[in-house]
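Please find below a short note on the structure shown here.

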Amino acid sequence: MKIITLYGTKMREKTAAFEYLARKFGLDPDVKNLDALYDALGEINEPTQINLKNRTALSALGDYADDLIAVFTDLAEENERVKFEILS
């Protein structure tokens, strides 16, 4: 199983968050919104565990943080190969 650990401290601003996610997941740099992120991650076809650490650091994003987390939660519900967990 592939394990990807995301750090909230690296995603305190939207642009930085998408750049960070593109590097972590090997995404096209044109993925710059939540819909495109969900679509791109929906292509995951191997067992993958996505862990989020430092969730409180995402508070700098305001309500957008909840929307970002919802992408991963929804992805895990829709794609049986993906698991998502908030570790801290």
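1. Ile-50 of β2 has Phe-84 as its bridge partner in β3. The two strands, β2 and β3 (residues 82–86), are parallel and are paired over five bridges; pairing requires that DSSP finds at least two bridges between two strands. Strands here are DSSP runs of E of at least two residues, and helices are runs of H or I of at least four, numbered from the N terminus.

2. The model is predicted: local features need pLDDT of at least 70 and side-chain atom pairs count only at pLDDT 80 or more, whereas totals for chains, interfaces and linings use all residues. Residues are numbered from 1 along each chain as its sequence is written, and side-chain values use heavy atoms, with hydrogens and water left out.

3. Strand β2 (residues 48–53) also pairs with β1 (residues 2–7). These two strands run parallel and are joined by six bridges, with Ile-3 opposite Gln-49. Five of the six residues of β2 are buried (buried means under 20% relative accessible area, exposed over 50% and partly exposed in between, with a 1.4 Å probe and protein chains only).

4. Helix α3 (residues 63–78) lies between β2 and β3 in a right-handed β-α-β unit. Right-handed means that, with the strands pointing away from the viewer, the path from the first strand over the helix to the second runs clockwise.

5. The buried residues of α3 are Tyr-64, Ala-65, Leu-68, Ile-69, Val-71, Phe-72 and Leu-75. Viewed down the helix axis, they fall within an arc of 145 degrees and therefore line one face of α3 (the arc is that of the directions from the helix axis to the C-beta atoms). Asp-63, Glu-77 and Glu-78 are exposed on the other side.

6. What do the buried residues of α3 pack against? Their partners are β1, α1 (14–25), α2 (34–41), β2 and β3, where contact means heavy atoms within 4.5 Å.

7. The protein has three helices and three strands, which follow the pattern β-α-α-β-α-β along the sequence. Its radius of gyration is 12 Å, close to the 12 Å that the globule rule gives for 88 residues, so the protein is as compact as a globular protein of that length. The radius is taken over C-alpha atoms, and the rule is 2.2 Å times the number of residues to the power 0.38.

8. Of the 88 residues, 40% count as buried.
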